[in-house]
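Colleague: Could you take me through the side-chain contacts in this model? I would like to begin with the charged residues.

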Amino acid sequence: MSLCSKQVILLSQAFDSELFYGYLLRGEVKDAIRYLADFPEKAELHQKYISLFEKEEYPVLTEDDFLNEILLIYQRYYRDVFYLHLDPEQAAETMKRRFTRVFEISDSDTALGEIEENKILKAFQQRNFHFLGGKTGGYWGPYIWKTTEAKTYEVALPGGVQPYTVCFLDGFLSKSWLDYISFGAVSTGGWTNGDGIICCIKSSYDPESESFQVSLLKHEAQHARDLAAYHAMSQEDLEYRAKLVELIYSQERNLLRQFAYEADSSKETNGHSLAAERILNGVSEKLGITADKIDALSITQIQRVSKELFRESTAEVKVKYTEA
């Protein structure tokens, strides 16, 4: 092979955004940074990651000094988990100790969730913000926003058509860990609250798009439906079923490729990664193909096998979560 032909091969290795965002979906910031370093055209983004995660040049997210102190603690937690790769439980404990100092909590047995509910939520509410704490995909990270507007939709799901209310949220200070580590490029589009109402981040969607109608509305409505039937359903099972619903109804996009980048069975606390891995294995087994053949599948094939996997899952969860 001549030098010239080698150069052509090197030049053909273009930046793969799905591969890059796959690292972030799995919480692998260091791998994402290493990948960026191979592409000169991504130098500016690479430097942003170095400044934030290596040099700890944290952004100021609001003009309120006390709220910034709280938000900085969350930012340091993201660095501990996704860049330094500290054990998630250890990182959460470190974050809790930082909060106990800020709020002058003397009881060391106070749980992190209690601090969010009793202290942090009130701090933001007093300043006219909405606050939702807890975990997303196995990691801590709050959603904090200013305004909420409600609208009701009729959502078709494999189990039937049901009305679901969507609350459009706007004016965000924080959209949890994935939005943070991707500089806003990848983010949770919404979620359901305890009443089964879908909360949608307004800036993330065109309400007429398939992305909204399927990846948010149907995905989150399936979560609400499953949780209403089986309160103890695991994060993995919830995501597995909701992702299958996305595949069943998506006609414009091949989401299976996206799920392939997200898949990782070693991420035991990340329901999205576990569910994606399970779907890939299920599709491969049903069609008798290897993972490298998935890109060649048509939308019709993906829909057919996804419906079959969803039917099997429905039978399985009835047995798994129905009390005797």
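Modeller: Asp 31 forms a salt bridge with Arg 34, and their closest N and O atoms are 2.7 Å apart. The term salt bridge means a side-chain nitrogen of Lys or Arg within 4 Å of a carboxyl oxygen of Asp or Glu. Please note that this is a predicted model, in which local features need pLDDT of at least 70 and side-chain atom pairs count only at pLDDT 80 or more, while totals for chains, interfaces and linings use all residues. Residues are numbered from 1 along each chain as its sequence is written, and side-chain values use heavy atoms, with hydrogens and water left out.

Colleague: How far apart are Asp 31 and Arg 34 along helix H3?

Modeller: They are three residues apart in helix H3 (residues 29-36), so about one helical turn separates them. Helices here are DSSP runs of H or I with at least four residues, and strands are runs of E with at least two, numbered from the N terminus.

Colleague: Is Arg 34 buried or exposed?

Modeller: Arg 34 counts as exposed at 52% relative accessibility, whereas Asp 31 is partly exposed with a relative accessible area of 30%. Buried means under 20% relative accessible area, exposed means over 50%, and partly exposed lies in between (1.4 Å probe, protein chains only).

Colleague: How many salt bridges are there by this rule?

Modeller: The count comes to 20. One of them joins Arg 257 to Asp 16, with the closest N and O atoms 3.8 Å apart. Arg 257 lies in helix H11 (residues 255-262) and Asp 16 in the loop between helix H1 (3-11) and helix H2 (17-25), so this pair ties together parts that are 241 residues apart in sequence. Arg 257 is partly exposed, at a relative accessible area of 29%.

Colleague: What about Lys 175 and Asp 179: buried or exposed?

Modeller: Both Lys 175 and Asp 179 are buried. Their side chains meet in a salt bridge at 3.9 Å, N to O.

Colleague: Which residues are linked in a network of salt bridges?

Modeller: Such a network links Glu 236, Asp 237, Arg 278, Glu 316 and Lys 320.

Colleague: Turning to rings, how many aromatic pairs does the structure hold?

Modeller: It holds 25 aromatic pairs. Among them, Phe 15 and Phe 39 are edge-to-face, at 5.3 Å centre to centre with 85° between the planes. Rings of Phe, Tyr and Trp (its six-membered ring) pair if their centres lie within 6.5 Å; planes under 30 degrees apart count as stacked, over 60 as edge-to-face and the rest as tilted.

Colleague: Where do Phe 15 and Phe 39 lie?

Modeller: Phe 15 is in the loop between H1 and H2, and Phe 39 is in the loop between H3 and helix H4 (43-54), so the pair ties together parts that are 24 residues apart in sequence. Phe 39 counts as buried at 10% relative accessibility.

Colleague: And what pair do Phe 53 and Tyr 180 form?

Modeller: Phe 53 and Tyr 180 form an edge-to-face aromatic pair, 6.3 Å centre to centre with 80° between the planes. Phe 53 lies in helix H4 and Tyr 180 in helix H8 (residues 176-181), so parts that are 127 residues apart in sequence are tied together. Phe 53 is buried with a relative accessible area of 1%, and Tyr 180 counts as buried at 13%.

Colleague: Which ring does the charged end of Lys 48 sit over?

Modeller: The charged end of Lys 48 sits over the ring of Phe 183, 4.4 Å from its centre. The rule requires NZ of Lys or CZ of Arg within 6 Å of the ring centre and within 35 degrees of the ring normal.
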